[in-house]
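Me: I've got this one open on my screen and I'm a bit lost. Can we go through it together?

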Amino acid sequence: MNPFIQSKLPTIGTTIFTVMTSLAAEYRSVNLGQGFPDFEMSEQLVELVNTAMKKGNNQYVHMNGLQLLRERISEKIHTLYNTSIDPDKEITITPGGTYAIYTALTTVLQPGDEVIVFEPAYDSYIPNIVINGAIPVLIPLIHPEYKIDWQLVRNKISPKTKMIMLNTPHNPTGSILSKEDIEQLRSIVNDTNIFILSDEVYEHLIFDGKQHESMLRYPDLLERSFICFSFGKTYHCTGWKLGYCIAPASLMKEFRKVHQFNCFSCNSPAQFALAEFLQQKEAYLQVGKLLQQKRDHFQGLMQQTKFKALPSYGSYFQLYDYSNISNEKENDFAVRLTKEYGVTVIPVSAFYQTETNNNVVRFCFAKKNTTLEEAVNKLITI
């Protein structure tokens with residue numbers, strides 16, 4: 001008799017990013033679906049990794065991450081947010097932002113706990129909750145602005161609410177939290193035992209002079225938060241899978257208990273390189289301008305098509321309404337776009353648990369201008 005696995009994720013299939021990227025490869029389509037740049041990262045940062053390896057920095061670093069890197073992150077946070085973070089007790093380096101999110105959830109959740117999740121939601125959130133025996137409480141963002149209905153949040157709070165998950169700038173919509181959102185959040189969690197998990201992997205990819213409303217700006221929110229970041233999104237090296245989590249010392253102590261028996265230690269040469277590269281503030285301060293130029297270039301090109309742009313204030317992404325083209329369901333339209341027109345996108349319906357169709361798809365504009373132009377030349381023919 002063969003052993004049988006009772007799935008912990010019985011309703012979960014292969015992620016939409018893998019499905020659409022495989023389809024793009026099969027049809028040799030221009031891939032504006034999965035969120036990764038097709039342009040080169042900093043040559044200097046690459047050289048710094050090579051140098052670290054040649055110097056022999058190839059063995060384990062501390063479980064919590066390279067000390068110098070954590071110190072440089074702490075300095076950066078103080079510069080950006082005027083907040084003091086203890087590099088020894090409140091920062092842990094992780095193999096990517098998604099890992100940090102999973103570990104934070106696993107640290108906090110007990111079976112039966114409820115977690116408020118806003119949809120459309122990045123695809124790892126709900127499986128991470130479910131695998132920990134907790135219950136996702138789904139709240140739709142208000143289309144087409146994709147804003148939070150805070151009264152609905154209040155209505156959904158229960159004695160079982162353990163955590164609220166936030167994502168700003170938001171994937172897939174490109175929306176961001178405002179000061180008003182922060183005030184509403186503060187009002188809701190005040191005098192409660194509710195934790196916050198804030199996914200801020202696109203913290204530097206914010207446009208149009210907007211301010212990134214990080215939990216790091218607000219001491220009363222920070223004291224209950226796990227805040228997750230990504231070097232890959234900041235420095236265009238998504239394949240490095242390096243990020244970090246920030247949390248108060250009491251929370252981080254528990255986070256590290258989970259971390260130490262899962263990853264233990266992250267890529268050493270890259271940590272040495274990043275510690276050195278973080279001293280160049282312009283490298284992360286200017287990245288938003290670069291991506292805004294790409295967003296603006298893509299928007300200009302897309303005016304030649306029948307797609308209608310929805311606002312994007314941050315991230316790698318912009319949503320486009322295709323209701324002037326078709327009434328097909330989003331997944332069907334995205335598949336047909338790949339097969340018949342040679343451009344791959346992500347259906348926003350994939351970021352919902354129940355069937356949703358607003359006739360919008362997600363484009364990734366973090367690409368070479370030539371890639372964007374090739375894609376739009378195909379889309380013009382629709």
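Me: How do the residues lining the largest pocket divide into nonpolar, polar and charged?
Reply: Keep in mind that this is a predicted model. The lining of the largest pocket has ten nonpolar, twelve polar and five charged residues.

Me: Which residues lie nearest the centre of that largest pocket?
Reply: Gly 35, Thr 98, Tyr 122, Lys 233 and Lys 241 do, out of 27 lining residues. The elements giving two or more residues to this lining are α1 (16-26), α4 (97-108) and α9 (231-235).

Me: Which element gives the most to the lining?
Reply: That's α4, with three residues.

Me: And what volume does the largest pocket have?
Reply: About 520 Å³. The second largest pocket has a volume of about 370 Å³.

Me: OK, the second largest one then. What lines it?
Reply: It has 16 lining residues, and Ile 12, Gly 13, Asp 123, Ala 350 and Gln 353 lie nearest its centre. The lining of the second largest pocket divides into nine nonpolar, five polar and two charged residues.

Me: Which way do the residues of β10 point?
Reply: Phe 317, Leu 319 and Asp 321 point one way, while Gln 318 and Tyr 320 point the other way.

Me: What does β10 pair with?
Reply: There's β9 (residues 308-309), which pairs with β10 in the antiparallel sense over two bridges. Lys 308 has Asp 321 in β10 as its bridge partner. Then there's β13 (residues 360-364), also antiparallel to β10, over five bridges. In that pairing, Gln 318 stands opposite Phe 363.

Me: What's the strand order in the open sheet of seven strands?
Reply: The order is β2-β8-β7-β6-β5-β3-β4, and the pairing is mixed. At the edges sit β2 (91-94) and β4 (135-140), each pairing on one side only. On average, neighbouring strands in this sheet are turned by 20 degrees against each other, direction ignored.

Me: How does β2 pair with β8?
Reply: In the antiparallel sense, over four bridges. Thr 94 has Gly 243 in β8 as its bridge partner.

Me: Which helix packs on the sheet there?
Reply: Helix α3 (residues 67-81), which touches β2 and β8. The direction of α3 makes about 115 degrees with that of β2.

Definitions and conventions: Residues numbered from 1 in each chain as written. Predicted model: local features only at pLDDT ≥ 70, side-chain atom pairs only at ≥ 80, totals over all residues. Heavy atoms only, no water. 1 Å grid on protein atoms, 1.4 Å probe; cavity = no way out; pocket = protein on both sides within 12 Å on 5 of 7 lines; lining within 4 Å. Points joined across faces, edges and corners; volume = space filled by probe spheres on them. Nonpolar A, V, L, I, M, F, W, Y, C, P; charged D, E, K, R; others polar. Buried < 20%, exposed > 50% of the residue type's maximum accessible area, 1.4 Å probe, protein only. Pairing = 2+ DSSP bridges. Axes fitted to C-alpha atoms, helices over the stretch in contact; angles between N-to-C directions. Contact = heavy atoms within 4.5 Å.
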